[in-house]
Structures are given as structure tokens and as C-alpha cells.
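I am keeping these notes while going through one model. Each entry records what I looked up and what I found.

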Amino acid sequence: MLLIYSNPESWAGLSAEQREGLARSHEELTHELTEQGLLVSSAGLADPITTRTVSVRDDTPTTTDGPYAEAKEHLAGFYLVECDNIDQAIAYAARMPDAQYLAVEVRPVMDTSGLEM
């Protein structure tokens, strides 16, 4: 999974041309990954202001607005891709325009097919 991170300052600091380029780059990469049969799913996430964080303590759920207050970065979107190895995933993450502005995290998805549910 390629996890795209952003923060309000980095996004606000982009020019309209840079934002358009970022969107265009995502469209091109999505098209390429789809053509190669590697794209499982992708999505951008809504603004963190719409986030609700849920925790349960002593069987009592508590909900707070937004992500953790200490966090400056937030998860802005993701690509779930079927790669042969971690190096291939890293190569695609490096091509994402977001890697130039903040970071793209590469994290393998756990195979839970052998777990009993």
C-alpha cells in the first residue's frame, strides 16, 4: 500500500500550476497502474477536519473530532497496488508527486487468508 501524507502548510504553499501538475501526475500514474493490472484500489481522503477518532476504554467508546492534535501530517490518500516486491512498490512511490512535497509511505498489506475468522 502506498500511503500519501500531506499537511495544510505544504498544500497551501503550492501554486495553482503545481496543484494541477500534481493532479495530472496522479491521473497518469493511475492510468499506468490500471493498464499494467497492478492497481487494486486508490482514493483520496476527505479533509482531516471531517475525521473522527474513536477509542474504547473500559467498554466505553469515546469519539473526538479530527486526528490526533499532535500530528502535523495527515493521511491524504492511498494506492493499493499488487507489486512483485518491495523495490517495485518503492519505485512507484518515488514517482508519486506527493513524494516531492512531503512523503509517501510504502507498507505491505498483511496476508490474512490463512487466519480463521
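This is a predicted model: local features need pLDDT of at least 70, side-chain atom pairs count only at pLDDT 80 or more; totals for chains, interfaces and linings use all residues.

Which residues of helix 2 are buried? I list Gly21, Leu22, His26, Leu29 and Leu33. I note that they lie on the same side of helix 2, because they cover an arc of only 140° around the axis.

**Overall layout**

I counted the secondary structure next and got four helices and six strands. Reading along the sequence, I wrote the pattern down as β-α-α-β-β-β-β-α-α-β. I took the extent of the C-alpha trace along its principal axes, which is about 45 × 45 × 20 Å. Of the 117 residues, I find 24% buried. For the accessible surface I have about 8400 Å², and carbon and sulfur atoms hold 53% of that. I also looked at contacts with a separation of 6 or more, and 72% of these join residues 24 or more positions apart.

**Helix 2**

I went back to helix 2 and checked its length. Its 20 residues should span 28 Å at 1.5 Å a residue, and I find the end C-alpha atoms 29 Å apart, which agrees. I then asked what covers the buried residues of helix 2. The cover includes strand 1, helix 1 (8-12), strand 2 (39-44), strand 5, helix 3 and helix 4. Just after helix 2, I noted a positive phi of about 75° at Gly37.

I also looked up Glu32, which is found in helix 2. I put Glu32 down as partly exposed, because its relative accessibility is 23%. Leaving out residues up to four places away in sequence, I find Glu32 touching Tyr92 and Arg95. Glu32 and Met96 are 64 residues apart in sequence, and I have their C-alpha atoms 12 Å apart in space.

**The largest nonpolar core**

Which residues make up the largest nonpolar core? I wrote down twelve residues in all: Leu2, Ile4, Leu29, Leu33, Leu38, Tyr79, Val81, Ala89, Tyr92, Ala93, Met96 and Val104. Strand 1 (2-6), helix 2 (16-35), strand 5 (74-81) and helix 3 (86-95) are the elements that give two or more residues to this core. Helix 3 gives the most, with three residues. I set a general remark beside this: nonpolar side chains tend to be buried together in soluble globular proteins.

Ile4 lies in strand 1, and I count Ile4 as buried because its relative accessibility is 6%. Ile4 and Ala89 are 85 residues apart along the chain, and I have 13 Å between their C-alpha atoms. For Met96, with residues up to four places away left out, I noted touches with Leu2, Ile4, His26, Leu29, Tyr79 and Val104.

**Helix 3**

I made the burial check on helix 3 as well. The buried residues there are Ala89, Tyr92 and Ala93. They sit on the same side of helix 3, because their arc around the axis is only 100°. What do the buried residues of helix 3 pack against? I found strand 1, helix 2, helix 4 (98-101) and strand 6 (103-106). On the face turned away from the buried side, I have Asp87 and Ala94 as exposed. At the start of helix 3, I noted a side-chain oxygen of Asn85 within 3.1 Å of the backbone nitrogen of Asp87.

**The loop between strands 3 and 4**

Last, I looked for positive phi values in residues other than glycine. Asp58 has a phi near 50°, and I place Asp58 in the loop between strand 3 (52-57) and strand 4 (60-65). Asp59 has a phi near 65°, and I place Asp59 in the loop between strand 3 and strand 4 too. Is Asp58 buried or exposed? I have Asp58 as exposed, with a relative accessible area of 75%. For Asp59 I also wrote exposed, with a relative accessible area of 75%.

Key
Residues are numbered from 1 along each chain as its sequence is written. Side-chain values use heavy atoms; hydrogens and water are left out. A nonpolar core is a set of buried Ala, Val, Leu, Ile, Met, Phe, Trp, Tyr and Cys residues joined through side-chain atoms within 4.5 Å. Buried means under 20% relative accessible area, exposed over 50%, partly exposed in between (1.4 Å probe, protein chains only). Contact means heavy atoms within 4.5 Å. The arc is that of the directions from the helix axis to the C-beta atoms. A polar contact is a pair of N or O atoms within 3.5 Å; within protein, one must be able to donate a hydrogen and the other to accept it, and residues adjacent in sequence count only if both atoms are side-chain atoms. The expected span of a helix is 1.5 Å times one less than its number of residues. Accessible areas come from the Shrake-Rupley method with a 1.4 Å probe; for residues, only the protein chains shown count as cover.
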